[in-house]
Number of protein chains: 2
Amino acid sequence: MQAIGVTREGDEPELLDVERPEPDAGEALVRTLRVGVDGTDHEVVAGSHGGYPDGADHMILGHEAVGVVEDGNGSGLEAGQVVVPTVRRKPGGETNEYFRRGEPDMAPDGEYVERGIVGEHGFMAEYFTSPADNLVPIPDHLAEYGMLVEPVSIAEKANDHAFATREPFEWRPEAACVLGNGSLGLLTLWMLDREFDRTYCVGRRDRPDPTVDVIDEIGATYVDSRETSVEALPEEYEPVDYVFEATGYAPHAVQTVHALAPNGVGALLGIPGPWEFEIDGGQLHKEIVLHNKCLVGTVNSHVKHFEAAVDTLGEMPEWLLEALVTTVATPDTVEAAFEDDDDQIKGVVEFDTL
Amino acid sequence: MQAIGVTREGDEPELLDVERPEPDAGEALVRTLRVGVDGTDHEVVAGSHGGYPDGADHMILGHEAVGVVEDGNGSGLEAGQVVVPTVRRKPGGETNEYFRRGEPDMAPDGEYVERGIVGEHGFMAEYFTSPADNLVPIPDHLAEYGMLVEPVSIAEKANDHAFATREPFEWRPEAACVLGNGSLGLLTLWMLDREFDRTYCVGRRDRPDPTVDVIDEIGATYVDSRETSVEALPEEYEPVDYVFEATGYAPHAVQTVHALAPNGVGALLGIPGPWEFEIDGGQLHKEIVLHNKCLVGTVNSHVKHFEAAVDTLGEMPEWLLEALVTTVATPDTVEAAFEDDDDQIKGVVEFDTL
């Protein structure tokens, strides 16, 4: 079957011819419909994140997928059911406390593999197999955009964790700011715009730009970080109650504290490399304390967040989904889905349709 | 009446002769029993924190107090009731949303005054008045150590806010570490030692030392930060699930992230001045994200935390309370309560007994 992967020799996604996988007991065979591409995929391709399955000379890419059950294989799933696979799996097939609790997203290094990212093949192939417990059913009418369930689930978890930090008191947030205008940032911006009175999205682009068009259409305010740094948000616009960081730009962690209103919370999601710089650590510490601020990091997501994401996806307007999916490539034209220029928001590889 | 205060000319606590206050409507008159001294008092005396009441040439010190109602004044409190006053009050007597919600501890700068710290006289006098809503009743048998309710309430709030951040998942913490071996640190250490399997307390003292004796007696492990830095805790001892920072030493905010186990949370309580230093901001950001870590700042406390603190104080063993209160001075010997050497843990000024 056709698959898109990286090899130890190559430095870009390649069309591979691999054997169709056979489902083990408890697994279903899934026919892939669409697989999205995100920043993590680019890092995996560049070799800066993740790692190959044990002993393999290639890794199939892709962790944002939607497919249809081809063979339930006695797993409890019926053939024809549209499903979205979760990403984290048991390392070497061996379970641990995090998987037992249904919270592999909270597992530390070494206690998981991630399909298409680290240690296990991804979903960017005509077929994949998966334990039925890791396949989240979605309605047929969401199949076309089902590959967005995974990124939306990342935002669901981050929001869930961030808002929980404000539960001990009466939090009355009004303004939220998303750092980053990639597909995750824009999906999250739409979600937050439903909950907050005023929303902002920080990017580094000149108009006209497709991401800024989406920001405008959502009704949020675009903030060009070349003109207004994140720490200047309170002076130039307003202090914000919630910051959702989706850039991986390391200074944003510190700047977020200064952008926050009293009692605000910042969710950090980016994964920067090492970067030493000077901060006013005294001011940072004092600001966190005197204004009851919070920074919370979150990574990955699991079934409950996927389920919430299915509901959220179902509420997203058609214009947003159409605007976000800028490329639908086939396995033969896969490089178009991996193009990373200013016209691309979300590239998708389509293997089949319902 | 006798009062202990600071004046604009002086740089140490002075015995003042001031007029006995008259309770307004809704206020009770309280006869002061004991008032504790903490690091904030020393900062107020040194002029580095807080500020005088409007137009006053002196400020009465003290925010950790216990007293007995002398005159309920129709406020609903009976004469003879032992009470502990809360610290934050309405600025200029004018309410705002934070006071309406009963959460002045969440109010930003300018939306509150703090008795004995900023903008309003404290409790270090023979009598004070207070709205009855700001007086938390405590049992008579806790009167002797009632001045510890306020610092314990600070820990109650911090723990409450910190643990709330871990609510969205099954947190199974085992180890906690308190940074700082002052009275707040030691009170908190005892509280955490009831909840966690293993506890640590970081200080900078040579044995024999009265704070290290308390750490030993609690059953916690003393960590000398001159030998083991906070970021080296995971290597030298173990990664800890909870860090309670009570030092105000700015690098601890960053070091806390590295001391935490995956999914851990650090509560920051110290209030450092400006201090620029270099950090690996990339590593910090990545560590927060990839291991779902959290930093939460908390300041002050209010009635619900005081009420929890009354329960906690009632459970504290006599040996701990006796060990913590190292000086009981009178107004005439007040300098002994403000001594800040290695033999002092908590100095107290006693105005009267039940």
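Colleague: Where is the place of A:Asp342?

Modeller: A:Asp342 sits in the loop between α11 (335–338) and β20 (346–350) of chain A. The helices (H or I, at least four residues) and strands (E, at least two) are DSSP runs, numbered from the N terminus. Residues are numbered from 1 along each chain as its sequence is written, while chains are lettered from A and ligands numbered from 1 in the order in which they are written. Keep in mind that this is a predicted model, where local features need pLDDT of at least 70, side-chain atom pairs count only at pLDDT 80 or more, and totals for chains, interfaces and linings use all residues.

Colleague: Does A:Asp342 count as buried or exposed, then?

Modeller: A residue is buried if 20 or more other C-beta atoms lie within 10 Å of its own, exposed if 12 or fewer, and partly exposed in between, with C-beta atoms placed from the backbone. A:Asp342 has 10 C-beta neighbours inside 10 Å, so it counts as exposed.

Colleague: Which residues does A:Asp342 touch, not counting those up to four places away in sequence?

Modeller: Contact here means that the C-beta atoms of two residues, placed from the backbone, lie within 7 Å. By that test A:Asp342 touches A:Arg205 and A:Asp209.

Colleague: How is chain A divided into domains?

Modeller: The bounds come from an automatic or database domain assignment. Chain A has domain 1 (2–137 + 317–350) and domain 2 (154–297). Their centres, taken over C-alpha atoms, are 29 Å apart. Each domain of chain A puts 12 residues into the contact. On the domain 1 side, helix α10 (residues 318–324) of chain A gives the most, with 4 residues.

Colleague: And how many residues of chain A are in contact with chain B?

Modeller: 49 residues of chain A meet 49 residues of chain B. α8(A) gives the most to the chain A side, with 9 residues. That side has 26 nonpolar, 13 polar and 10 charged residues. In this count, Ala, Val, Leu, Ile, Met, Phe, Trp, Tyr, Cys and Pro are nonpolar, Asp, Glu, Lys and Arg are charged, and the others, Gly among them, are polar.

Colleague: What rotation superposes chain A on chain B?

Modeller: Copies are superposed by least squares on the C-alpha atoms of residues with pLDDT of at least 70 in both. Here a rotation of 180° with 0.0 Å of shift along its axis does it (RMSD 0.0 Å). The two copies are thus related as by a two-fold rotation axis. Also, 100% of the interface residues of chain A are interface residues in chain B too, so the copies meet through the same surface.

Colleague: Which strand of chain B does β18(A) pair with?

Modeller: Strands of a sheet pair through backbone hydrogen bonds, either parallel or antiparallel. For a pair to count, DSSP must find at least two bridges between the strands. β18(A) pairs with strand β18 (residues 294–297) of chain B in the antiparallel sense, over 3 bridges. In that pairing, A:Val296 stands opposite B:Cys294.

Colleague: Which residues have the most contacts inside the largest nonpolar core?

Modeller: A nonpolar core is a set of buried Ala, Val, Leu, Ile, Met, Phe, Trp, Tyr and Cys residues joined through C-beta atoms within 7 Å. The largest one has 210 residues, and those with the most contacts inside it are A:Cys177, A:Val240, A:Phe244, B:Cys177, B:Val240 and B:Phe244. Leaving aside neighbours within four places in sequence, the contacts of A:Cys177 include A:Tyr200, A:Leu233 and A:Val240.
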